[in-house]
Structure formats: structure tokens, C-alpha cells
Amino acid sequence: MFLFFFLSPHNNPISPHTPPCSACAPLWSQECGTSAFSNGICASVSDDLEPREAIAPTSQRCSTYMDIVIVLDGSNSIYPWYEVQNFLSNILSKFHISTEQMQVGILQYGEVAVHEWSLKNYQTTQEVVEAAKNISRQEGRETRTAYAIHKACTEAFSPERGAREGATKVMIVVTDGESHDGEELPDALKECEDRNITRYAIAVLGHYIRRQQDPETFISEIKYIASDPDDKYFFNVTDEAALNDIVDALGDRIFTLEGTLGYNESSFHMEMSQIGFSTHTLDDGILFGMVGAYDWDGGVLKEGIYGRVVPSREAFESEFPLELKNHAAYLGYTVSSVIVGDWKRLYVAGAPRFKHKGKVILFELSDDGDVNIAQALNGEQIGSYYGSEVCGMDVDQDGITDLLLVAAPMYLGSGNKEAGRVYIYSFTGEEVFVPNGTLISEEKAQDARFGYALAAAPDLNHDGFTDLVVGAPLEDEHRGAIYVYHGDGIYVNPHYKQRIPGSSLSPSLQYFGRSVSTRLDLDGDELIDLAVGAHGSAVLLSSRSIVQINVSLSFQPHSINVIQKTCQRGGRESACLNATACFTTVSRSPGPHSNSFDLWVSATLDDRKLSARALFDDSSHRQTQLAVRVHTGRTVCYKLPFHVYDTADYIRPISFSLRFKINNTESGPVLDEGWPTTVKKSIQFFKDCGEDDVCTTDLVLQAHMDITGSRQKPYVIRSPRRRLAVEVQLENRLENAYNTSLTLHYSRNLHFSSLSIREDVNFKFECTALDANSHSCNVSYPVFRSQSKVNFMLEFEFSCTSLHSRVQMKLHAASDSVEREETLRDNSVQLQSFVQYEPDLFVSSDSNLNRYEVHPTRTVSEAIGPEFHTHLRLQNLGCYSVSNLELRLRLPSVAAEDTVFMTVTDVFSYNATGVNCSVQSDLARLKVRQTDVRTLHPEDMMQNDVLNCSRSWCAEVVCRVQQLLKGQAVVVRVSRRVHDDFFRKAKYKSVKIIGAYQLTAQETNLITLGKETVWKETVLEVLKGRAIPISLWILIGSVIGGLLLLSLIIFILWKLGFFTRKQRGEDENQED
């Protein structure tokens, strides 16, 4: 037997003795023959949990509630008798003998009829079986069957012999021959008919067979005795031994198995109703769910003070068609009710197996059992068990139901897990509920069966709204958990406020959250306690009172005076103060809760400052902690002394932050949801700003740049000077200016470099970058005193990446002090200058031939001299790239009478890409372009020794450079040859061939080349060579002089013994 407990107060008890809770056992069963039917039973429970006033509204008497009398023929023709005894023992052993089921009596007859025992004599099967074994045959020569039947009808079925009112009356007649009083049979049988006695008749043919007589007349009489139809109530056997062959058939016919009306036709109505599987307490009674009624289609039953109401199966036919009656919808799996407009009550019942998706119906129920279905809600997923739990919520507690929650605990979520889902339906005011989202549980792919239990809690957090508790017994690997959701207005917040896992309470808990009750107050503190069911146990969770803690902060003295020190701390003069923190505790929970509890308090000074300006006396740190004992309904105050050192920052106040939390987290009160746990207050520094303590200042800002440039004549930025200086003067003409700052905004072609003070080095400046093109500088932080003036210089560098035609700058001075509107105009200065950029380009030339001598004795075939090279090197020494450069060379080539004296043979560039060079040496084109040339004739070269582009036609070389990057160099090599035959014919001693080169650029409003556009020269000097003749006498004299010199040298060497050799004998003597 399984007991499902539900705890709920009865607003209108069914009887004055009904206690405030009940217990139901829906699987409580009663035995009927070989069957057990789970009708269910409920009982009211007293305060000491003792059951009282049990009710089983669907309990029925068994179909085996029978009084059976066996009329047994004991005449001499019955033989052998022990076979009759065996038959009696076997048939009686099949009967379920008890006061609630079958009773059996036996009347034996022959010539007379005798009661072997009456119906009331034996109350167990074992007793009647033993009694049957001891029956002896009565014997007799006559068989007075009519007399025995009449006596059985009138005496054996009398109340005096144990007959029961309402019991089915059954007579079994066993005989082996025709009656001797057959004429009395009609009267006897009529007496049985009048008493509603069903008759089974058994004809034993052994006597006729042994005598070989025709039993036809006998069989006809026995059939006459049996009730109609004969095929059900008449038996015949060949002899006494064959009686045992019909025991099973006779037993089955006597008590046809309950639950069948015929072959394969169901007859279950209330037999398996399982009353109490779900219950709902009403003002006028209790609504029961009958999940097993009507072949498990289910139903509901109302047990009220005005009687019992049981709607028929057909009452729900509009939503549960009869053709689906064998589909086991399980209507009544859960029951509830809601109050809608005009205070009308609608009953709610879930059928989680209807069409495998589930259904919930809302209906009216009259006292006559008539049903009017107002609304039906259908599930969306097969097998989700939609409607296995429902819960109506009157969130704002005005008596009208605001929400209906319907659970589908087996709803498959991510990972194909039984996550479960709870649907929210809102009341529209038109007596219908509309979908309004779902509750949100822990987002984790796991089996949870979220929504297996639902319970509306009156008000857990004491905000005046009904709350909700949801069970999820399969979460955390079947350990289970419950969720708490808070009501808000006429809705419930779909995000849970608290999740209580079963593992946090006990590691052995399993299926925690399979049932929930929210109507208890077991400890009498006027707070709701939660009862949560688990496997094999129940857990009671006590609610805790809710408090609000108001904190106030005050300081003595009210401001910090760092000039007048009041104490010494750490060997230093300091300003000492006291902070007073007061805590006032107020309970939000009902009932008297004047308890005390501890707070953990942490106080912090200047929590957002990197360096400490103030310290607590007790810890010498910026933070201190203390335990505070507070009392509900009272105010307690604590002092926190602290001190302030000398600091440069005494314009910004010192912040005082206080945080607190309740110490005991396992018991005692909890802080109200959303209640602030941090209090922050600032204490100001004392200001020397007159009696009104308001500093009014007048800042005057002046500035100018050290460059000027207009649009027509921009300032040119050259390499030696790439810095910009701004002279600034800031003056304070009135009272102190606190936290004075100078904000600089400048164009992108500038980079801030430095700030330097011109005069008073005691002024302090701190500059920090706000972004890439702005800075903020603190001036004499923290106070720029009255009548102070400071001159300083700002230095900027010109950017190498951002080139703009203007330099712009805006300077603005401000402070935390007050400044009048009419004096604000001189707080800002805007500066501007137009600029151009001169790139730092350098061009140089280098030749491997600077002087060349033309020899007059060379052959005519040697008309052209050797090739020589001139290298021109173009370098970008600046910090930004330059585009579209052009290098031009003009090289003298042709003299008068179109005589060529030098030829450009090749132009080549390397070290760079994007350089294209071209040579123009066509004389006709050169003459067209060079119209001012006055060519020099070779004969006139004695008077003019220069060949340049004004005295000769010059070949033109143009090299275009697309882009020259920062630090890049381009080398152009120009190869030329000198025509010797021209210079052999000419009259000159030396002549200079002067070429020219020039660098130009496509100038814009940003770029100008300046001096690089001047022509530069490259010079080759050509010399006239001479032929010097040598005399024959000089040659002869030179030979003779050489011979004489050689002879002299040989003579000197001979005299010195260089050519003599010593004798061998002399050598040996010398050795001796």
C-alpha cells in the first residue's frame, strides 16, 4: 500500500471534527475473490498524525458478496459418498469465505432435509473445507427434492441462519434421481424466484447408467430446477466421480470474474478509480481525482457538505470522445480550481496521457453532476505528460486567480533529456487563460523533470504577492532540487530567485522535490515552512524572517582642516575625525520577531584612490572590519575614528564606504531582496574661500606661437627646425581656483613634447593625454591661489605622418571653483598658422673622370675616348615620403657647325623602383628647345675655355621618381664618351665642359622644394697634349755613360776581394 500525503487547511471543514490535513492512499485495495481493486481511501489526520474519519467514496461491495446454500442429495443411490465429499472440498476451496464476501451453508436431504451447517457457522474457507470432509451420508429410500429446495429457500436463506441483506443468493442443487415430490416443485421454485435466489442444478447420471435406464425425464426435471438459461446454470455428469470435473466451470459461473460483462467487454467503472491520487481542498468540500476510473480514462469526484457529486464518463465527452475511451487519458491525474470573474469557480483537471500529448480542462460542476467545460489547454509534445501538475495563482491576493501554471515534467529538452517545462497562462478577464511564456530553470542538459511538483506559497518574501515553488526531482543525477519564483503584480517572475539542491541538504537524498507543500507553520513563528518530499523521506525547510537595515553615517567635525592639525598619528601631525555609523533594523515578516543577530561590517576610506590620504586609527589602514550586534526594532551606533595626513589633494573629498552583511547565513533573518548593503558618503576639505565657503575665481589665459604664416605666405617647415613653441601665461585674478586644469586640443600634424615653467619653479604641472590630439594639465594642483600668475612654454613636434596646411591649437583653462559668466571669455585661446613643408632632399654628383688629356699622336681611328660615368645620388633625409620628383640633367654635346664633342651613351638607375629616365639627344629637337644657345667655334676656344649649355647644344636627361620614401636613396648613372677628333682639331690648351642638373617636384600647398630647385654643375676638364722630339746624340751619350758606370762597379768589387777564393791547404792549416 502506498500513501501519498497532502497537507492543506480546510477553510470549511466537512465536519466539526475534521483536522486541518488529510492523508490519502490511492492504491488502497479491496480483495474480491482472486482480484484486488484499487479504489483508494482517504482519511482525516489529527494533530498527532493519527488517521480519523476514513472515506472511500468509490469503494463498492465485491461481486463475490454471496450467500450460497448447497442442497445435497444424500439418498441411498448416491455412491460412492467419498466422491461427493471430494467434490464439496474442491468447490468450497474455490470460494472466498468471509463476512465481506462469501458465506456457505449445506442442507442434505433424502426422505427428510437436515441443515449440515448454516451460513453464519463458518467464516473462513479452511473451516468449511474441513467441515465438508466430515459430512456423512444421510441415506433414505426417497428423494424429496422439492421439499429440500423449499426448506432451503425459506430457512437456509433466513437472517436467523446468517443470510445478509444485499448479498447475492445462490443455491446449488446436486441430485442423482427424479424427485418423489415432483408435483411440489413449481411451488418450491416459485418461492425461490420470489426471494431472488439463483439456482445451479447438477444432474448425477451414475444411478441411471449403472441400471442402464433412460435419464431423459430426470434431466428434464433438473433443467426445470435450474435458473435460465440452461447452458449457464445446468450441469450433468456421468457419475459421482465426474463431479470433480465440473468444479472449475461451476466456480467460474458462480462468481464470474469482476471486470467483464462479456467476451472482451470492459466493465471497469470505479473499481480501479484510485481515489485520492490527486486532491484539492475547496470551501465546501474536497475535489478528488479518479485517475483509474472508467477504464483509466479517469474522472473527478466531489465530496462536499451537500453530498457527493460524481460526473459520468459521458459528461466529459466533448473533450474526451467515447471512441477514445480505451486510450487511458488519466483525467484527474491532478485537480485544482480557479476563481475567475464574478467570483465564479472553475474546476481544473489534468489528463496527461490524452492523445499522448496531454490536456487540461477547466469546467463547471453542478450538484447534479452536470459538467460545462469552459476551456481546454492542449500539450505540444508527445510523452511530455502535459497536465500532470496544475497550479492556480492569485498573485496579488485579491481573490481572483491571475495565473494558471501547467507542468509537462517529461518534456524533452536539449540532449534529448527529460528536462521538463512549466507553462504560464494569464487570466484575460474574459474567463479564459492565454499562454504567457514558460518558467526558466537551470540551463543544463540533464534529466530534471522540472515541474513534477507545483505549489503556490502565500508569500515567502513578504512583499504582498504569492510566490511559487517548483520541484525537479531528477536534477543533479536524481538527487533533485526545488526552485522558488517570486510573484510580481499579477505575474510571476519567470527567472528563479532561489534554487535549493537536495545535495546541499543531505548527500543521501534522492528525488528531492517529488512533492511540495507550502501550507505549513510547524514551528509557530507565523512564517511559511516548506515540506518537500524525497525518496523515502520528507524534508522540512523553515522560512526565515526578512529584515531591512537602515544605515546612517555622520562625521565630527563635519569637514577636514589640514591646516589646523588636531592630533598626532604615526609620529605625524594629522587631522583627526570620528565617523558614527548607526544601524536601524526593521522586520518585514509577520508576527513578533524581536531577535538579535550579528552583522559583519567593513569600512573603507578613499576606496578609488591609489594612494592613501586617510587611515583608520585602529588598523592604520584604509580599511577596517568589525562585528556589530543589532536588534530588530532598535537602533545601535558605533564610532569609527580615523585621521587625515598632509596631502596635496585636498580639493576632492574623501569618500567613506561602509558595507555590511548578516553573519549567520544558516539561521536567523535574511536581508530584504534588493536592499542596499553599501552606504557611501563623502567628507569635504575645509576651503579658504570666505564666509560663504564658495570660491569665485577669474582665470585669464594668454598664448602665442613662435611661428606665423598666412594663406598667401605660409610658414615653411624646414629640417633644422621641426619644433613649435607656444608661450602661455595663466593668471588667477580672484579667489583660489581648485583643481585648475589646462586642456590642450591641437591639430593632427602636431605631437605634444613638453611643458616647461619659465619663472616660478614651485608651480607644479601634471599633463596626461586624453587622446591622440589632446592633453589635460593640472595647474598648481590642487589649488591655484588667488592673484597667482604662471608663465610656461609648451613644445610640440611636427608630425612626420600627418601633413596639413594649417597648425591649429585650442587652449582652455578651467577649475572646480565658480567663475562668473562674463569672465569666461578669456579662459580660452585659439591659435592658427598656415604652413608648408620643405622635404629634406640631398642631391650630389660624382664622376670617375674629372680631367681628360687628348693626345695629338693617336691614330685617326681612335676618334672617341674611353667611356666614363657620372653618378647622381638623390637622398630623402627627412621623416616623410615625397612623390613625383623630377631630376633633370643638361650635358654639353654639340658645338658650332654641328660638331659633336661628347655623347651620352647610357642612363641607368638602381637602388629604387619607380624611376624612369629618358635621354633627348636629337639635334634638331634640341635646337628647337634651346633657342638661346650661342655655339662656340673650335677656332675660338683659345679665347673662351668653357663649353656649357649657353655655348653648345646640350643633351637632356630626365629621370622621374614616383615616390621617395623616408631614408631612401636613388642613384642614377649617366655614361658618356669624349670625341677626341674634335679636340685635336681645336685650338686650345684646356677647356671645361660644364653640365648642369636640377631637382624639381610637383609642388602643392603642402610641399615646396626651396633651394633644391637651383641648378648645380658637373665639370670635366679636357687638356691639349704635346709631342716632344728626342736627339740621337742624347741616346749615344746615355749608352756610353751607362757602360762606364758598370765598369766602375765591377772594379770596386774586385778590389774588395769579392771575386777571389782561398786554397784547400791553407784552409786545413787554419783548422789545425
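Predicted model: local features only at pLDDT ≥ 70, side-chain atom pairs only at ≥ 80, totals over all residues.
Residues are numbered from 1 along each chain as its sequence is written, and side-chain values use heavy atoms, with hydrogens and water left out.

**Figure 1. Overview of the chain.** Of its 1072 residues, 48% count as buried, where buried means under 20% relative accessible area, exposed over 50% and partly exposed in between, with a 1.4 Å probe and protein chains only. Among contacts with a separation of 6 or more, 69% join residues 24 or more positions apart; contact means heavy atoms within 4.5 Å.

**Figure 2. Packing of helix H1 against helix H2.** Helix H1 (residues 81–93) and helix H2 (residues 125–133) have axes 8 Å apart and pack at an angle of about 175°. H1 is therefore roughly antiparallel to H2. Axes are lines fitted to C-alpha atoms, for helices over the stretch in contact, and angles run from 0 to 180 degrees between N-to-C directions. Angles under 35 degrees count as roughly parallel, over 145 as roughly antiparallel, 65 to 115 as roughly perpendicular and the rest as oblique. H1 contributes Gln85, Leu88, Ser89, Leu92 and Ser93 to the contact, and H2 contributes Thr125, Val128, Val129, Ala132 and Lys133. By class, the contact of H1 with H2 has 5 nonpolar, 4 polar and 1 charged residues. In this classification Ala, Val, Leu, Ile, Met, Phe, Trp, Tyr, Cys and Pro are nonpolar, Asp, Glu, Lys and Arg are charged, and the others, Gly among them, are polar.

**Figure 3. Packing of helix H4 against helix H6.** The axes of helix H4 (residues 185–194) and helix H6 (residues 216–225) come within 10 Å and cross at roughly 25°. H4 is therefore roughly parallel to H6. Leu185, Pro186 and Leu189 in H4 meet Glu221, Tyr224 and Ile225 in H6. The residues of this contact comprise 5 nonpolar, no polar and 1 charged.

**Figure 4. Nonpolar cores.** A nonpolar core is a set of buried Ala, Val, Leu, Ile, Met, Phe, Trp, Tyr and Cys residues joined through side-chain atoms within 4.5 Å. The largest core has 68 residues, of which Ile68, Leu92, Phe95, Ile149, Met171 and Ile172 touch the most other members. Beyond its neighbours within four places in sequence, Ile68 has contacts that include Phe95, Met102, Leu119, Val170, Ile172 and Ile254. A second, separate core of 60 residues includes Leu699, Val779, Cys959 and Ile1007.

Figure 5. The whole structure holds 32 aromatic pairs. Rings of Phe, Tyr and Trp (its six-membered ring) pair if their centres lie within 6.5 Å; planes under 30 degrees apart count as stacked, over 60 as edge-to-face and the rest as tilted. Tyr200 and Tyr233 form a tilted pair, 4.9 Å centre to centre with 55° between the planes. This pair links distant parts of the chain, with Tyr200 in strand S11 (residues 197–204) and Tyr233 in helix H7 (residues 230–233), 33 residues apart. Tyr200 and Tyr233 are both buried. Phe982 and Phe983 form an edge-to-face pair, 5.0 Å centre to centre with 90° between the planes, and both are buried. Phe277, Trp296, Tyr330, Tyr333 and Tyr385 form one aromatic cluster.

**Figure 6. Backbone features at selected residues.** Tyr294 is not a glycine, yet has a positive phi of about 50°; Tyr294 is buried, with a relative accessible area of 9%. Glu897, also not a glycine, has a positive phi of about 60° and lies in the loop between strand S63 (882–894) and strand S64 (902–910). Glu897 is exposed, with a relative accessible area of 62%. A cis peptide bond with omega of about 0° joins Asp228 and Pro229, and Pro229 is in the loop between H6 and H7. The peptide bond from Gln556 to Pro557 is cis, with omega near -5°.

Definitions and conventions
Helix = DSSP H or I, 4+ residues; strand = E, 2+ residues; numbered from the N terminus.
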